[in-house]
Amino acid sequence: MEIKKVVITGDAFFLDRHQDLFKAMSQHLEHLEYLPYGKLDLTRPAEVLLIFIYKMVRQLSVKDADRLLGKNSRIFMMKSHQTERKIRQLGYRPDLVFH
């Protein structure tokens with residue numbers, strides 16, 4: 001199987017940090033697309049409240065906020081599911097996804 005279409009997901013810091021690698025890869029691919037993630041599209045009131053609390057705690061202590069909420073598995077799963085939906089909505093089917 002030849003890999004021609006690649007999608008790379010990640011936060012802005014990750015995409016920027018590995019920018020040179022992705023540029024080198026793009027020379028060997030037909031299509032390379034970035035799907036950055038960051039802010040969640042929150043729909044449920046509980047999720048909105050969770051983010052609000054995180055921002056308030058973060059103002060006092062970044063370490064505590066990340067320990068309590070920032071590295072929360074639920075937040076990670078919500079971002080991951082949202083990114084997977086974006087991948088499915090692409091107008092093509094990628095051969096490889098870095099997610």
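In this predicted model, His31 lies in strand E2, which covers residues 31-36. Its relative accessibility is 32%, so His31 counts as partly exposed. The C-alpha atom of His31 is 8.4 Å from that of Val7, although 24 residues along the chain separate the two.

The protein chain as a whole contains 5 helices and 3 strands. Read from the N terminus, the order of these elements is β-α-α-β-α-α-α-β. The chain has 99 residues, and 25% of them are buried.

Helix H5 spans residues 73-88 and has 16 residues. From the first C-alpha to the last, helix H5 reaches 22 Å, close to the 22 Å expected at 1.5 Å a residue. Which residues of H5 are buried? They are Ile75, Met78, Ser80, Gln82, Thr83 and Ile87. An α-helix has 3.6 residues a turn, so residues three or four places apart point the same way.

Ile75, a residue of helix H5, can be taken as an example. Buried means under 20% relative accessible area, and Ile75 counts as buried because its relative accessibility is 8%. The C-alpha atoms of Ile75 and Ile51 are separated by 9.1 Å, while the two residues are 24 residues apart along the chain.

Phe52 belongs to helix H3, residues 45-60. With a relative accessibility of 49%, Phe52 counts as partly exposed. Phe52 is also part of a nonpolar patch on the surface, together with Leu49, Ile53 and Met56. The accessible area of these four residues together is about 380 Å².

| Residue | Relative accessibility | Class |
|---|---|---|
| His31 | 32% | partly exposed |
| Phe52 | 49% | partly exposed |
| Ile75 | 8% | buried |

The next topic is empty space at the protein. Rolling a probe the size of a water molecule over the atoms shows where empty space is left. The second largest pocket has a volume of about 180 Å³. Its lining is made up of Thr9, Gly10, Asp11, Phe14, Arg17, Tyr37, Phe76, Lys79, Ser80, Phe98 and His99. Strand E1 (5-10), helix H1 (12-17) and H5 are the elements that each give two or more residues to this lining. Which element gives the most to the lining of the second largest pocket? H5 does, with 3 residues.

Notes:
Residues are numbered from 1 along each chain as its sequence is written. This is a predicted model: local features need pLDDT of at least 70, side-chain atom pairs count only at pLDDT 80 or more; totals for chains, interfaces and linings use all residues. Side-chain values use heavy atoms; hydrogens and water are left out. Patches are made of residues with over 30% relative accessible area and no salt bridge: like charges are joined within 9 Å, nonpolar side chains (Val, Leu, Ile, Met, Phe, Trp, Tyr) within 5 Å. Accessible areas come from the Shrake-Rupley method with a 1.4 Å probe; for residues, only the protein chains shown count as cover. A salt bridge is a side-chain nitrogen of Lys or Arg within 4 Å of a carboxyl oxygen of Asp or Glu. Helices (H or I, at least four residues) and strands (E, at least two) are DSSP runs, numbered from the N terminus. Buried means under 20% relative accessible area, exposed over 50%, partly exposed in between (1.4 Å probe, protein chains only). The expected span of a helix is 1.5 Å times one less than its number of residues. On a 1 Å grid over the protein atoms alone, a cavity is a set of points where a 1.4 Å probe fits but cannot get out, and a pocket is an open set with protein on both sides within 12 Å along at least five of seven lines; lining residues have an atom within 4 Å of a point. Grid points are joined across faces, edges and corners, and a volume is the space filled by probe spheres set on the points.
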